[in-house]
Amino acid sequence: MARIGVFICHCGENIGRTVDCPGVAAAAAKMPGVVLSVDYKYMCSDPGQGMIRKAIEEKKLTGVVVGACSPRMHERTFRAAAAEAGLNPYLLEMANLREHCSWVHSDKAAATQKAIDLVRVMVAKARRDRPLRPIRVPVEPTAMVVGGGIAGIQAALDIAGGGKKVILVERGPSIGGHMARLSETFPTLDCSQCILTPRMVEAASHPNITLMTYSEVDSVEGFVGNFTVTIRRKARYVDPDKCTGCGDCFNKCPLKKIPNEFDAGLGTRRAIYVPFPQAVPNKPVIDAAHCTMLLKGKCGLCAKVCPRGAIDYQDKDRLEKVKVGAVVLATGFQLWDHSAYGEYGGGRLQDVIDGFAFERLASASGPTGGRIQRPSDAKVPKTVVFLQCCGSRDDKAGKKYCSKICCMYTAKHAMLYRHKVHEGRAVVFYMDVRAAGKGYEEFVRRAIEADGAEYVRGRVSRITRRADGTLLVRGADTLAGRPVTIEADLVVLADAVVPRSGSEKLAQLFGVGYDGDGFYSEAHPKLRPVETAAAGVFLAGACQAPKDIPDSVAQASASAAKVLGLFAKPELEREPIIARVNRTSCVHCRACIHACPYGAAKDFDVLDRAGKVVRTTADVNEGLCQGCGTCASVCRSHSVDLDGFTDEQIHAELNALL
Amino acid sequence: MKTLGYYPGCSLRGGGIELDLSVRALARAAGVELREIEDWNCCGASAAHSLDHALAVALPYRVLALAESQGLSEVLAPCAACFSRLKGTGVRLSRSPELSRRMHELVERPYRGSVSILNINEFVAALLAGGLSEKLTRKLGLKAVAYYGCLLSRGQDIVTNDDAEDPKGMEAAIRAAGCEVLPWNSSNECCGGGFSMSKTGSVLDLSQAVLDEARAAGADLVVTGCPMCHSNLDMRQLELLKRRRIPGAMPILYLSELLGLAAGLEPAALGLDRHFIGSRGLVRGGA
């Protein structure tokens, strides 16, 4: 016989104001199977939990129903209390009398009746609860970090520093990401390369870090603690073991005019190249889309000059499988393509550039050696107009959201320009200046007050090019209440931050959610900001939302801490709320296998003693199953049941309401 | 496309008569019959919607209802303002059954929403796709800028197949006439529109800005599809020339006139002799 205890919480006044809690307790006392029913002001407090523990021991309860807040809030708390008193924690259920009742109703009598119904439902369920044991899975204590920008480098270094192995996978030929392209960084103006490149070297030389550059994730199998990831090692055509990075090959390559992506197309590179001189690894790759040897079988100059014979035109993509226990996604961002804005020239005006192009112009290692000049005629611009919110905060043609970093880097750009061109004018068009961050507002004030950047509040409606090459920037000064036209030599658009191309496909490989804009979804916007809905997959940096360097680094360290926490024990314990297949009744229609969003439902061969396949049924992998119940609901032969939420229990709950 | 409904509106009977002539001539050359809506009325452009919202919808509603009852499923409205009013009204009616009900009551005619309205750019593109391209035997070899103004570029539910900030709807047709389309800065700038009479000074400033840009781009002529733009750039250009505010004359041609010339039609038949700014220099035998 079931011996259920019911505990009704007032939650201070949160529930008590709208629900007659003693009344609910009295009604519950009469429900079948209930041997004890009480109410208390704060059931989650120490005395409240004590009441539950004491009742379990003294009344020999076989099940507990706590009528309080949402199980998302305190189910763990109460189950821990039950476990302490010797009751299997999965025999405790919660009736949500707060979020589902008192907070959303005002009529006390009706709310009380609803609360009684909710308790009755959970009593009916609790009477059919079975003890469940947490599932244990072994953990492969190696992490994989996808993306070799500052977030990925930081996460890899922190995990490696914690004594665990890391595989750092980067799509491009070098790690470093966007940060390597920046000139100086806000709000301190320290040189980006000077703070980043030592980290790049450290990541490459750390004994616990395996660097896989020019590589991409091809496919993913497995589950938390036990992922098998296939990595595509793209053909480099240069053997990195033989190559010493001497540079003879790229100094001799006859193709000199290929726009360098690293320099935002302002500089050029060869067909065999390292993207920038401080690249890690500092070994070239051949760009198969341009190399005449690979395209037409003519040239072969680099192979002739290479003193080590490291060039291999026959090189092919290779697939490599690795076993990892956890994954950090740090795939970063790119800039929105402003050619969608016809009013800003639709991408056709050469002297209308994006923020990265300006970074490369301002950078000492950039294509102009740090001389600010405009792309069309190499003239030093006398007036530069900076437009913030280009594509951001524009629901119609761009993105709804604020890209967060542009206010700061625009202030920095205006400042750097004024430092280099003293007599020049820097005009910034802005909607609002959002400078929330340590030292950020002070930085913007410094750009305005000390460095003389002219801030104009308003949007620019049109950029046109006069025949003499001058750009006419027409906009509104909404504070002065009048239209303004500025004759500019160079215009810098602060394009919106968008996720890196291909990030959606990667998310699908790992079963990670993403929002309408393609940014990866964290498990909880406040309380679980680095986890994802996929167990064992964590997020770092701008792949989750627009972020600056300090925020990206902070999140990277947070995800490293999560990975190290996961690796702290040799085995994982996880909630036993998983689906089970009754192999006797399963007819192998495969509906569950198609429906499972986590790839946990799989074919299973039933063997006889001789090892011969007798029949095939469906089965659920305990490690992958997230307990969503989709398989149970699509199963036509009722052969799938969800532990903790069995069909029998759900029907009992419904019956209790009817 | 063999038969197309036709709504000339007021301007094609007055200031924009050469648009009417050239559109009809071009349709004939392409073997398309234009059937004028019987008993059509004013579309209400510029005046009605600043006076009375119901009237501003009721006038185009009646035109649409007539077209539907006369079995015309596609109607060409060459005037950009007529196009905007007719198509815009159709969009509003399709979104509000309540508005349709009120208009039905007011106009005392039913309209089910079956009529689609074409502007001159769409009309010309359809003719070209329908075989007109092969009849454009005369390569004009001119440098043109395409001028859309507001009504052939704006209204995101009205001009649905072009970019309001960077319109391109005329370019293919101009190229088909053997002309080069030059990039320039004023393709969708304002000509001054309906202020031609009341604020002539402002219209002169705006027209001058457009003409200056066309000249700076190196254009031989400006191509437009709107009678209001045409009148502000063509007729008001006389005043600009008189005051020596511009260095020389810039011919303004309708898209249909340009295509007509390329099809070998007589300039006079296209109405080229009716412009204030002559286009004689552009083509042999030009008016």
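In which order do the four strands of the open sheet that contains β1 of chain B stand? The order is β2-β1-β3-β4, and the pairing is parallel. This is a predicted model, where local features need pLDDT of at least 70, side-chain atom pairs count only at pLDDT 80 or more, and totals for chains, interfaces and linings use all residues. Residues are numbered from 1 along each chain as its sequence is written, while chains are lettered from A and ligands numbered from 1 in the order in which they are written.

**Chain A overall**

- Chain A holds 17 helices and 34 strands. Helices (H or I, at least four residues) and strands (E, at least two) are DSSP runs, numbered from the N terminus.
- The C-alpha trace of chain A spans about 90 × 75 × 40 Å along its principal axes.
- Of the 658 residues in chain A, 46% are buried. Buried means that 20 or more other C-beta atoms lie within 10 Å of the residue's own; exposed means 12 or fewer, and partly exposed lies in between, with C-beta atoms placed from the backbone.
- Take the contacts in chain A between residues at least 6 apart in sequence: 70% join residues at least 24 apart. A contact requires C-beta atoms, placed from the backbone, within 7 Å.

- Strand β6(A) covers residues 142–146, and five of its five residues are buried.
- A:T142, A:M144 and A:V146 point one way from β6(A). A:A143 and A:V145 point the other way, and all are buried.
- β6(A) pairs with strand β7 (residues 165–169) of chain A in the parallel sense, over five bridges. Two strands pair if DSSP finds at least two bridges between them.
- A:A143 has A:V166 in β7(A) as its bridge partner.

**Chain B overall**

- Chain B has nine helices and eight strands.
- The C-alpha trace of chain B spans about 55 × 45 × 30 Å along its principal axes.
- A compact globule of 287 residues would have a radius of gyration near 19 Å; chain B has 19 Å, so the two agree. This radius is taken over C-alpha atoms, and the globule rule is 2.2 Å times the number of residues to the power 0.38.
- Buried residues account for 49% of the 287 residues in chain B.
- Of the contacts in chain B with a separation of 6 or more, 77% are between residues 24 or more positions apart.

**Two parallel sheets in chain B**

- In the sheet β2-β1-β3-β4, the edges are β2 (33–36) and β4 (116–118). Each has a single partner strand, so one side of each is left without a neighbour in the sheet.
- Neighbouring strands of this sheet are turned by 40 degrees against each other on average, direction ignored.
- β1(B), residues 3–6, pairs with β2(B) in the parallel sense over four bridges. Here B:Y6 stands opposite B:E36.
- Another open sheet of four strands runs β6-β5-β7-β8, again with parallel pairing. Its edge strands, β6 (180–181) and β8 (252–254), each pair on one side only.
- β5(B), residues 143–147, and β7(B), residues 221–224, pair in the parallel sense over four bridges. B:A146 stands opposite B:V223.

**Helix packing in chain B**

- Helix α2 (residues 53–69) packs on helix α4 (residues 97–107) at an angle of about 80 degrees, with the axes 10 Å apart. Axes are lines fitted to C-alpha atoms, for helices over the stretch in contact, and angles run from 0 to 180 degrees between N-to-C directions.
- That makes α2(B) roughly perpendicular to α4(B). The classes are roughly parallel under 35 degrees, roughly antiparallel over 145, roughly perpendicular from 65 to 115, and oblique for the rest.
- The α2(B) side of the contact includes B:A54, B:V57 and B:R62, and the α4(B) side includes B:L99 and B:M103.
- By class, this contact of α2(B) with α4(B) has nine nonpolar, no polar and one charged residue. Ala, Val, Leu, Ile, Met, Phe, Trp, Tyr, Cys and Pro count as nonpolar, Asp, Glu, Lys and Arg as charged, and the others, Gly among them, as polar.
- The axes of α5 (residues 120–129) and α9 (residues 255–262) of chain B come within 10 Å and cross at roughly 20 degrees. α5(B) is therefore roughly parallel to α9(B).
- B:I120, B:N121 and B:V124 in α5(B) meet B:L255, B:S256 and B:L259 in α9(B).

**Between the chains**

- Seven residues from chain A and five residues from chain B form the contact.
- The chain A side divides into two nonpolar, three polar and two charged residues.

Conventions. Contact = placed C-beta atoms within 7 Å.
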